[in-house]
Amino acid sequence: MTDVIALLSYQSDTALCISPWSWPLLGLVLLAVLLDLCFGDPQGWPHPVIVIGRMISWLERRWNHGSARRRYWLGVCLALTVVGGTWVISTSVLYALSQIHLWLALLAELVLLATTFAAHGLAKAGMAVYRPLIAGDLDGARCALAQIVGRDTDRLNEAELTRGAVESVAENSVDGITAPLFWALIGGAPLALAYKAVNTLDSMVGYRNARFSDFGCASARLDDIANWLPARLTALSLWLSSWLLPHMRRKGTLTDTWRQARAHARKRHASPNAGWPEAMVANLLGVRLGGVNYYQGVASPSAELGHDTTPLRAEHIRRAIWLMHGGWVAFLLLMLAVIALRSVTA
């Protein structure tokens, strides 16, 4: 897929082409990541994901009823409508802006790309749990963790609070950073936003319960497909970055992660992708993640990942954030290697 800017002509009839896996597109994506790191998502500013979420809610209220078969096919229509609509609208906006001035379209694409990344917000959320834990404020840490996970947090001790924060940083490093990077390098802001639409669909309707098991099935499967390769590349990137970070356990990490992530994916109702970054982070930190979580008082066991060689403590949250940042940098370097290889072989 070629970015929309590649289809546009400048006023002098000279085409500015930003093709997939190209140096110009890599530069634009890198600037967008830096923009996110500096500013995050300013409060009060309109965000595409909010618009996407409202679209999903509006359609779900109107379509999610009837027989199981009807709800399944309307769920397929929901996924196609939201993801396709996001791509078409963002492409159309960039095209319209390019008719005013090409640099205006480039600036808009830069801003749209930045909204698809969440490195700033993910690190901030992790540190919001870390700081009260270090100060011995368990209630403050519980409130902070409750903002980023769905599990019950009111009775968690330091180890369980740390586990929740580390798991959140590890898992969300894919859908919040590396997967948008991957899809942005293929199709610029429109495809990165389409990926965020997939991710938002899964978070809103991709549940295996009475209300969404049929209607959200297509959305959940689409999210699994969109994250399949990025999740595995992220695990590799985390391992590569660990060589430049202190206090990391690398012996046997690759084989342990391979075995544990595959076992995690075989668990009933488990994501085929979440186990890869979580297992890698657990093994690199030398801790045990997973286990039993409680949701509204109901126990929900999950696969255990890593090795219980080091007791979980607040410091592991900070190390997980180091890994997250090192992971996306290594991921970008892997993508740079792909672009360089394409340049040599072209």
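How close do the axes of helix α8 (residues 217-242) and helix α11 (residues 315-345) come, and at what angle do they cross? They come within 7 Å and cross at roughly 110°, the axes being lines fitted to C-alpha atoms over the stretch in contact, with angles from 0 to 180 degrees between N-to-C directions. The model is predicted, with local features needing pLDDT of at least 70 and side-chain atom pairs counting only at pLDDT 80 or more, while totals for chains, interfaces and linings use all residues. Residues are numbered from 1 along each chain, and side-chain values use heavy atoms, without hydrogens and water.

**Helices α8 and α11**
- α8 and α11 are therefore roughly perpendicular to each other (65 to 115 degrees).
- Their contact (heavy atoms within 4.5 Å) includes Pro230 and Leu238 of α8 and Met324 and Phe331 of α11.
- The residues of this contact divide into eleven nonpolar, six polar and no charged.

**Helices α2 and α3**
- The axes of α2 (residues 48-63) and α3 (residues 68-100) come within 11 Å and cross at roughly 155°.
- That angle makes α2 roughly antiparallel to α3 (over 145 degrees).
- Among the residues that meet are Ile52 and Trp63 in α2, and Arg70 and Leu74 in α3.
- This contact of α2 with α3 comprises nine nonpolar residues, two polar and one charged.

**Nonpolar core**
- In the largest nonpolar core, of 90 residues, Val29, Leu181 and Met324 touch the most other members; such a core joins buried Ala, Val, Leu, Ile, Met, Phe, Trp, Tyr and Cys residues through side-chain atoms within 4.5 Å, buried being under 20% relative accessible area (1.4 Å probe, protein chains only).
- Helix α7 (residues 158-205) gives the most to this core, with 23 residues.

Note on methods
Helices (H or I, at least four residues) and strands (E, at least two) are DSSP runs, numbered from the N terminus. Angles under 35 degrees count as roughly parallel, over 145 as roughly antiparallel, 65 to 115 as roughly perpendicular and the rest as oblique. Ala, Val, Leu, Ile, Met, Phe, Trp, Tyr, Cys and Pro count as nonpolar, Asp, Glu, Lys and Arg as charged, and the others, Gly among them, as polar. Buried means under 20% relative accessible area, exposed over 50%, partly exposed in between (1.4 Å probe, protein chains only).
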